[in-house]
Amino acid sequence: MRILLTTFGSGWEDLEDTAVEHMLHHRESGVMHEGAVVGKVIASMVTTPDVMKAAFGIEPNVVGWLIGVKYSDPAVFKRVVAGELPFFSIQGRAEREPVAR
């Protein structure tokens, strides 16, 4: 799987492909990119300009990927609710590629 994270619209098609691949075949979530799988991604939306315009009537200047996670470990969920874990991990791997600017 190839992941290209980007902003301002260029290259977001790769992010959409990655999100679809993850939802179809992986759906795992961990704690801050480390350790064992402790949850499952249950919702996913890539916030492309087309999606944001059609769904919310806004034109974003940043593309992102929103996910919802169901944690099977009550202790991890408690940390999420308390604000101790501000980010989710999809337990993904990637290789960096130089991108011309």
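**View 1. An open antiparallel sheet of three strands in the predicted model.** The strand order is β1-β2-β3. At the edges lie β1 (28–31) and β3 (65–71), each pairing on one side only. Neighbouring strands are turned against each other by 50° on average, direction ignored.

**View 2. The pairing of β2 with β3.** Strand β2 spans residues 34–46 and runs antiparallel to β3, with seven bridges between the two. Gly39 has Tyr71 of β3 as its bridge partner.

**View 3. Helix α1 against the sheet.** Residues 12–25 make up helix α1, which packs on the sheet and touches β1, β2 and β3. The direction of α1 makes about 120° with that of β2.

**View 4. The surroundings of Ser89.** Ser89 belongs to the segment after α3 (74–81). Ser89 counts as buried because its relative accessibility is 1%, under the 20% cut-off. Leaving aside residues up to four places away in sequence, Ser89 touches Glu28, Ser29, Gly30, Met32 and His33. Gly39 is 50 residues from Ser89 along the chain, and their C-alpha atoms are separated by 9.5 Å.

Notes:
Residues numbered from 1 in each chain as written. Predicted model: local features only at pLDDT ≥ 70, side-chain atom pairs only at ≥ 80, totals over all residues. Heavy atoms only, no water. Pairing = 2+ DSSP bridges. Helix = DSSP H or I, 4+ residues; strand = E, 2+ residues; numbered from the N terminus. Axes fitted to C-alpha atoms, helices over the stretch in contact; angles between N-to-C directions. Contact = heavy atoms within 4.5 Å. Buried < 20%, exposed > 50% of the residue type's maximum accessible area, 1.4 Å probe, protein only.
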